[in-house]
Amino acid sequence: MTRYALRRLAIGLVQVLAVVTAVFLLVQALPGDAAVALAGDNPDPRRIEEIRSAMGLDRPALERFGAWLGGLVRGDLGVSLVSGRPVVEFLTDGLGPTLVLAVLALVLLVPLSVLLGVVAALREGGVVDRVLTTVTVGLHSIPEFALAVVLIAVFGVQLRWLPPTAVGADLLAQPQVLVLPLVVLLARPVCSVSRLVRAGMVEALASDHVRHARRLGISERRVRFAHALPNAVAPAVQQLARTTDWLLGGVIVVEAVFVIPGLGTILVDAVAGRDLPVVQGLAVVFAVTTVLVNLVADLIGFRLAPRSAVVA
Amino acid sequence: MPTRRHFLGLLSLAALSGCAAPTAQQAAAPKNGGRLRAAFAGGGAKEVLDPHLANLFVEAARSKALFDKLADLGADVSAQPRLAEKWEPDATLTKWRITLRDTKFHNGQPVRAEDVLASYARILDPNRAFRAKSSLSLIDLAASRAVDARTVEFALKRPFIEFPNALAAFGAYIVPAGAEDFAHPVGSGPFSFVSFEPGKSVLLKKNPDYWEGAPHLDELEFVIANEESARANALLGGQVQYAHDLTPTTARSHTDGRIAIHRSPNSAVQAFAMKLDRPPFDNRDLREAMFLLADRQQLVESVLAGSGQVANDLFGKGYQYYADDIPQRTRDLDKAKFLIRKAGAEGLTVKLDTSTAAAGMVEAATVFADQVKGSGLTIEVVTGNKDSYWSDTLKNGSLSSFRSGAMPIETHIAQRLLTDSGTNVTKWARPEFDELYRKAVSTVDPAERAGVYREMQRSLHAEGGYLMWGFADWIVGAAPNVGGISTAPANTLDWARFDKVWLG
C-alpha cells in the first residue's frame, strides 16, 4: 500500500505541473494582460505601456513562467502583479472562509447522507424510502444559485430569520451567517451521496457475504453496520472526494451570492485582472488538493473494500 | 459571469417584489454618532489603499474619505477649491500660485507645500503609471517651487486656464512627503484609518479636526459585495446602511419605503462611438444618418429602465460650458434612409462591438440594432471580452459601445478628442479643433471661453463620431434613516461623501 501511495504521489506531482502549465498557457491565450485589465476604461496606449513595463510584463512570457517555476520550487509563489502583495497572503486570506465552509459542510454531510442512505435502504420500497427518493431527486435538480436566491429572499429578506449575506461578517464569530450558505452547499451532495449509500447498502444487504453472516447467527445490527455498511460506503467515498474538490474549489456561486470572500472570489477577480501569479498560485492549491483528496479517497476505498480498489 | 449576474438580478427581483412595507422613518435633522456600513463592488484582494493607484469606485470613495485633493469637482462638474484655499494664475497663465488651507494630516503634521510637491512628483514619476499622471503632465515640476510652507507656485509647460481641473483629477490626492507604504495610510481627509482587510473591509473613524468640520459619523466601514443583488439584499437585511451602484430595476421594485433610493442625474453618458478614420463612418452623411436613426427615448426607457434622460450627441449635460442651446436630435427615419442612399451605404452590414464591461451596453446595442432595421443599414452586434474591451475598441472595429463617467468637458476633450489624445476612440483628428481647444484653455474671459467651447461642441454635434443617446442616473440605496446623501453626479465631490452623511 505504501508503494501504491508513493507511486500515486509521484503521478500527482506531474499532474500538478501539467495543470499549472496549462493554466499559464490558457491565461496567456486570454485577450489582454494585467496592464490592459488595470487600465480599464482609460486605455491610453502610452499608459498601458508604462504599466506593462512597471509590472515586468514586457519580459517574454517563457522567461516569466520560468522565473515563477523557479520560485515555486523554493516555495515562493511570487507577488501579485496588480497590488504587489505576496500571493501566499492572497491564498491564506481566501483559504480561511473557504475552509470554514468546506469543513463544516463535510462534517455535516457525512453523517447526514449516511443516515439518510441507510434509513432509505433498510425501508427499501417503503413510504420513507419513496419520500426520501422523491425529495433527494427533486432537490438535486435545483441549481445552487437558484436555491440560494430563493432562500435569501424567503429567510433573509422576507422573514428576516437569518442574515441574507455574510457581508463584512466574521464567519466563526457570527455563525448565523453560515446557515444559508451551508444549506445551499449541502443540498446537492447530500442527495447524491445518500443515493449512493442507499444503493450500496441495498446491494450489500442482498449479497452473499451478508447472507452468510446472518446464517452464522451474527446479530442483525452487527450485520448491517459492521458487514454491509463498509461495502456500501466505498462508492460513496469516491463521490465524497469529488464533493471535497468542489467545496475547496471555492463554490464560486455560493461565495458570490452570500459575499464570502474565499478562494472562488479571489480566482474570479484574479482572472478578470489577468493577475497571473495569483491565478497560478490558486491553480497549484487546487491541483494539490485534488490530487491529495483523491489519493486519500482511494486509500480509504482500498481499506473498506480491497477488491474494488484493484481496478482503480 | 455576465449571464449569471444577470440571472441573479432577475431572480432576486422576482422574489423580492412581494415585500411588505414597514413604516419608514425619515432622516430628519443631522445627528452625530454611529457606524455606517457602505457596500461597494470591489476588486477583491488586489485592492490597495494607495490613493494614487485608485481605479475603482470603492477606491475613489475610500481615498476621498482618507485624503484631500487640492480641488474637486462641484455639482456642475467645475473645479472647486479644497485643500487649496485659493489659486491665482499670472498673466501668462503659466505660473499658478496656490495657497494651502491651514490643516493637518492625521498624524498631527501640518499639510505643507512640500507635501503637495512630493505628492505630484510621485504621481509624475516616469517609472510608474499612476492614473492622474496624464492630467498633471503639463506641470513643469523642476520649475515649480514652495514659496513658503503654505504657498506653492506651479510652473506649467503651456498656458492653461483650466489648471484647477488638473488639480481635481481622479487620483491626484495629497499624501505626506515620502509616503510609500499605505498599509496604514495617513491623509488629511475627514476620516482616519483604523483597519484594512483587502477585499473585505476598511474601517475608518472620524477625524474631529477636519478643516471643513468633523463628520457626523463616528465610524465608517467600507465592505465589498461584488454582486448587485448581494448589495441590495445586505441593505434590505439591515447588514449595511448604504449600497452603492444599484440597477434601475432594483430601484423600481423598492418603492415601499424599506430602503431609500437616491439618484444622481447626468452621472454616466451612454453612447456609440464611430471611428472617423476608416470606412464606413469616414462618411459624414452616414454618421448623420446614424444620429437620426437612434430613438433615444426608447433607449432610455428600455436600457436604463427610465432612470435617465436623453442625450444630444454631446458630453456633459448640466455641466459647466455644456452647449444646451443646440437643438435636441430626434429620430427621422426618412431623412436617415435618404442619407444612407446618398452615402452609397444601402445594404451595408456594420459590426457593433460591445461587451458587458459596463452595465447596459449590450442591451443598448441590441435595441439600437433593432431601431436601425428597415433603414438600409444592418447592424450586427458582436459581444467581446469585457476585461480588455476598452483597449480593444480603442484600436479595432468601426463602431462600438461607449460610456463615460462625469468629468469636466475640457478634460473629456483633452483626453478623447484632440489629435494626440491618448484615448481618442472616435479618431476625431482636426487641426482646427485642436486650435480651438488651445484657444479655449488660454482664454481668460469666462464668457469668451464659453463661446469657444460652444463652437467646439457645435462641430462635434454636427459631424463628430459620438452618438451619445442617454445620461444614466447613478443609483445608490440607503437605509431610510440615513440622511445627507447628495445627488451630485458620480465622481464629483459630493458623490459617496460620507462626512456629510448621518444616521438618524
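**Entry 1: the helix pair**

I noted that H8(B) and H10(B) run roughly antiparallel to each other, and I kept in mind that I was working with a predicted model. I reached this from the angle of about 160 degrees at which helix H8 (residues 284-293) of chain B packs against helix H10 (residues 333-342) of chain B, because angles over 145 degrees count as roughly antiparallel. I also recorded that the axes of H8(B) and H10(B) are 8 Å apart and that their crossing is left-handed.

Next I looked up which residues make the contact. On the H8(B) side I listed B:Asp285, B:Leu286, B:Glu288, B:Ala289, B:Leu292 and B:Leu293, and on the H10(B) side B:Leu333, B:Lys335, B:Ala336, B:Leu339, B:Ile340 and B:Lys342. Sorted by class, the contact of H8(B) with H10(B) has 8 nonpolar and 4 charged residues, with no polar ones.

I then turned to the second largest pocket, for which I wrote down a volume of about 220 Å³. Two elements of chain A, helix H1 (2-29) and helix H13 (276-304), each give two or more residues to its lining. H1(A) supplies the largest share of that lining, with 6 residues.

What classes do the residues of the lining divide into? I counted 10 nonpolar and 1 polar, and no charged residue.

Conventions
Residues are numbered from 1 along each chain as its sequence is written. Chains are lettered from A and ligands numbered from 1 in the order in which they are written. This is a predicted model: local features need pLDDT of at least 70, side-chain atom pairs count only at pLDDT 80 or more; totals for chains, interfaces and linings use all residues. Side-chain values use heavy atoms; hydrogens and water are left out. On a 1 Å grid over the protein atoms alone, a cavity is a set of points where a 1.4 Å probe fits but cannot get out, and a pocket is an open set with protein on both sides within 12 Å along at least five of seven lines; lining residues have an atom within 4 Å of a point. Grid points are joined across faces, edges and corners, and a volume is the space filled by probe spheres set on the points. Helices (H or I, at least four residues) and strands (E, at least two) are DSSP runs, numbered from the N terminus. Ala, Val, Leu, Ile, Met, Phe, Trp, Tyr, Cys and Pro count as nonpolar, Asp, Glu, Lys and Arg as charged, and the others, Gly among them, as polar. Axes are lines fitted to C-alpha atoms, for helices over the stretch in contact, and angles run from 0 to 180 degrees between N-to-C directions. Angles under 35 degrees count as roughly parallel, over 145 as roughly antiparallel, 65 to 115 as roughly perpendicular and the rest as oblique. A crossing is left-handed if the near helix is turned anticlockwise from the far one by less than a right angle, and right-handed if clockwise. Contact means heavy atoms within 4.5 Å.
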